[in-house]
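Subject: Model for your files, with notes on salt bridges

Hello,

Here is the structure I said I would pass on. My notes on its charged pairs follow below.

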Amino acid sequence: MVVTRGRTVDVGDLTVFAGLTGDHYPLHTDEQSVAKTQFGTRIAHGPLTFSLAVGLVGLSGFYGDAIVALLGIDGLRAKMPVLPGDTIHVRGTVLAREHRDGSRFGAITVGYSVLNQREEEVMYFEQKMLAKCKKGNEA
């Protein structure tokens with residue numbers, strides 16, 4: 001299991017992400033129009049929350065240099081909005097390991113729960129990765 005440090009999301013993150021991706025949907029970029037919505041303010045793009053979560057796990061050093069490639073993302077669910085000022089962190093749990101005898105590589109599936117500062121789950125997804133195997137061990 002890994003629990004990452006926190007990272008506060010701010011309006012600048014939403015603006016930069018919108019510029020990088022071209023996703024200028026008003027829900028993320030227009031404070032005036034979203035003031036009348038149920039959120040009352042801009043919300044983070046779902047893919048931004050996902051990207052920040054993956055980055056936090058990467059920064060944690062949990063995998064060292066074991067990861068070779070991304071194999072897939074399953075079950076991605078945005079459960080609650082992430083608002084500017086929210087601080088998110090990730091709790092990751094290894095769900096499965098696969099290894100073929102004689103192979104230097106195996107697959108590892110990790111469930112990521114993205115939590116805000118109130119420990120509310122704002123996103124969940126499972127990430128499957130190709131990983132180097134330690135000699136005599138599975139992925």
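In these notes, buried means under 20% relative accessible area, exposed means over 50%, and partly exposed covers what lies in between (1.4 Å probe, protein chains only). The model is predicted, so local features need pLDDT of at least 70 and side-chain atom pairs count only at pLDDT 80 or more, while totals for chains, interfaces and linings use all residues. Residues are numbered from 1 along each chain as its sequence is written, and side-chain values use heavy atoms, with hydrogens and water left out.

The structure holds 7 salt bridges, each being a side-chain nitrogen of Lys or Arg within 4 Å of a carboxyl oxygen of Asp or Glu. Three of them are described here.

Aspartate 65 and lysine 132 pair through their side chains at 3.7 Å, N to O. Aspartate 65 is exposed at 59% relative accessibility, and lysine 132 is partly exposed at 40%.

Arginine 7 bridges to aspartate 13, with the closest N and O atoms 2.8 Å apart. Arginine 7 is partly exposed, at 27%, whereas aspartate 13 is buried, at 17%.

Glutamate 120 and arginine 118 form a salt bridge at 3.1 Å, N to O. Glutamate 120 is partly exposed, with 27% relative accessibility.

Regards
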